[in-house]
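Hi,

Here is the structure I promised to pass on.

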Amino acid sequence: MIGETSSSSHSGFSGSNALSHVYIQYPPLRCNVPESRKLFYDDGNKIILSVTSNQVFSWKTAPYNSYVTPSSDPISEGPVLSIRYSLDLKLLGVQRSSHEIQIFNKQTGDTFSQKCRFESESILGFFWTDCPNYDIVFVKTSGLEFYSYNTESKFLHLVETKKMNISWYIYTHESRLVLLASGMQCKSFTGYQLSSAGIIKLPRFEMAMVKPEANNKPILAAEDVHIITVYGRIYCLQFDRIGMLLHSYRFYRDAVVQQGSLPVYSNQIAVSVVDNVLLVHQVEAKVVIIYDLFADSQSPISAPLPLFVRGFSRATASSQTAFTASGTSESKNLGDTELTIYGDQWNFFVPDLVCDFANGFLWKINVDLEAISASSSEVQLILEFLQRRKLEADKAKQLCFAIVRTNILERKPIPVVSRAIDVLLTAYSQAIKTGSYYKKITVEETSPSGPANLNMGSLLEPGTSGGEVPPNDQSQIVRPGNDQLNSNGSERHQSEVTSSAATSPEDLYSYVFAPIEEEMAGDVSYFIAIIVEFLRSTSVEKLKVHPNTYILMVQVLARDERFTELELFIMNKIIEPSKEVAMQLLESGRRNLQIRKLGLDMLRQLSLNHDYVLLLVQDGYYLEALRYARKTKVNTVRPSLFLEAAYASKDPQHLASVLRFFSDFIPGFKNTSDHQTYHRIVSEMHS
């Protein structure tokens, strides 16, 4: 269905310095065609349509591109109540009246009409479907009619009907769900989900409405009900104008569960979904409130703030020239137009588009993650929020690093920083288990409300019967075998991006600990305590820690001459042994022989015999190195190193012993130049 007018207010837009968490980016997609009668949105194909007397122009909105070139198709003259292309774009359906829908075949140019069989019924609208055996669904006041398109006869064939009284309906292709309103107050609903797996009928349910003080009964309007998809779950949001509440309902296969209510501060609202974030536009108040339904919290993510037009100025707007569908330049541009936020002709299309019908502008709604994170003081909650972001996963990850770094530099209490690290590592562990950490998605591969499976064979996943139980304190309609109703329909478009903001332990070292090492030099105890908490968290999640983190601990403690603490960390295995750590201990042990000994012992413990022997020789313990090399059968160290060390000691007996060792145990050594050289040196030293 076409979005209704979203606002009757008229005001200037937010200034360039306005603080905002939600914005629309200038320039908009301009779909203002000369002689255009009306704009329509085809959510099945994600295109915006502009209709003239004999043509329909269409602009792709996914991926969103402000400069996309429109395509056009001819249509016959006449009224247009609604218009949609078939999902394969071969057919064009145009509702001419409340009794007639006209179908155009783009390939053959054929046209035919489908009319109501009875004068008493009227057509409320229609939509195309990918449901088996059906191609198009007519929604009438008398019920639903399911048609298939016969390619041979080039006519619609009525396959099935579902009789019921319908006052109005709403449908989104994203959810494949149609809700049919009936009753005196239009608050009784029947729902059907049409997928490639077939038709799923939802149980009949009623929406809650606060009773007014007077005896008159309010009537629920179509513009007050919204179907949204977040985190793969289908919800319905209902605006109760009397109670000033936004009720949410979650759909299952055989249950509809009321999830709670959000407060409303305006007599007119609109909703959007961006990257699984719910935006409630308080139209009269001209602010947006952000909610994250994943957390099942009724509290907003941030304070209500205005919608902002980013990148707009009168100078840039005046320099931009719009082009009409015919290719000629058009004088009307944004610089000559009074840009209004939540204007009279603004229509919001779920999930994330808004169209200014008056000026022919289509905007894409965006969420500013940086602004949201900067305005929140709840570290744990904002980190959890950022970890769930998919569309800007890399930005969300960088913001998480910045938050943790800032908390450490500001010397926040250790439990606060510890919980922050726990959030990141728990999310990473979960991402590894589910495989989402390695997955790549495309920005427009799924609807901006969240990733969805393109295989429409099954739209259901285990619900309450699978372990998820609807809260007992909320109104619900439940029957045994309850399954969650899911949205899995979407379009694939755009290039691949990282789909997870999860941060690995190595990420935390590279982007949190290492960059602030020097700044934390004055508070080593605090810094080491934070790293220990990090190690605790990795242990809980059973995650591998890169040796760089342990090396950093050794460097920091040795630089501050905390050798006793370092020794305890090594002995208690808080610092895990590795070759890299052992080498750092040897390096740091230049000022403390006990620490160097710990490094040597670690090499021996790890059976790194070659390195151990080599270091013994370098330290002058060549005889001990020889004994250890013979015991562990190390034959990879060059004899010349031992001979050079023995010669440097100026002890002819030691040099003779080393020479005799290699002569006895290394076949062919007597024929080498090393043997000849040092045999002559030994003779000279004895003489």
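Let me start just past helix α7, where lysine 542 has a positive phi of about 55°. Helices and strands here are DSSP runs (H or I of at least four residues for helices, E of at least two for strands), numbered from the N terminus.

Some housekeeping: residues are numbered from 1 along each chain as its sequence is written, side-chain values use heavy atoms, and hydrogens and water are left out. This is a predicted model, so local features need pLDDT of at least 70 and side-chain atom pairs count only at pLDDT 80 or more, while totals for chains, interfaces and linings use all residues.

**Confidence**

pLDDT is the predictor's confidence in each residue, from 0 to 100. The protein averages 84, and 84% of the residues score at least 70. Residues 1–18 fall below 50, and that stretch has 54 contacts in the model beyond near neighbours in sequence (contact means heavy atoms within 4.5 Å). Residues 443–482 also stay under 50, with 122 contacts beyond four places in sequence. Where pLDDT is low, the predicted coordinates should not be read in detail.

**Helices and the cores**

Back to α7, which covers residues 524–540: its 17 residues should span 24 Å at 1.5 Å a residue, and the end C-alpha atoms are 24 Å apart, so the two agree. The expected span is 1.5 Å times one less than the number of residues. Buried residues in α7 include Phe527, Ile530, Ile531 and Phe534, where buried means under 20% relative accessible area with a 1.4 Å probe, protein chains only. The buried residues of this helix pack against α4 (393–409), α5 (414–434), α6 (505–513), α8 (547–559) and α9 (563–571).

α4 also has 17 residues and reaches 24 Å from its first C-alpha to its last, close to the expected 24 Å. Ile408 is among its buried residues, as are Lys397 and Asn407. Just after α4, arginine 411 takes a positive phi of about 55°.

The largest nonpolar core has 112 residues, and Ile408, Phe513 and Phe642 touch the most other members. By core I mean a set of buried Ala, Val, Leu, Ile, Met, Phe, Trp, Tyr and Cys residues joined through side-chain atoms within 4.5 Å. A second, separate core of 20 residues includes Ala181, Phe189, Ile234 and Phe251. Leaving out residues up to four places away in sequence, phenylalanine 513 touches Ile408, Ile421, Leu508, Phe527, Ile530, Ile531, Phe534 and Leu552.

**Strands**

Which residues of β16 are buried on each face? Leu177, Leu179 and Ala181 are on one side, with Val178, Leu180 and Ser182 on the other. Threonine 172 stands opposite leucine 177, and leucine 180 opposite threonine 190. In the β16–β17 hairpin, glycine 183 has a positive phi near 100°.

Elsewhere, an open antiparallel sheet runs in the order β7-β8-β9-β10. β7 (82–85) and β10 (111–115) are at its edges with a single partner strand each, so one side of each has no neighbour in the sheet. Serine 86, in the loop between β7 and β8, counts as buried because its relative accessibility is 4%. Its contacts include Asn45 and Trp128.

Cheers

Key
Pairing = 2+ DSSP bridges. Buried < 20%, exposed > 50% of the residue type's maximum accessible area, 1.4 Å probe, protein only.
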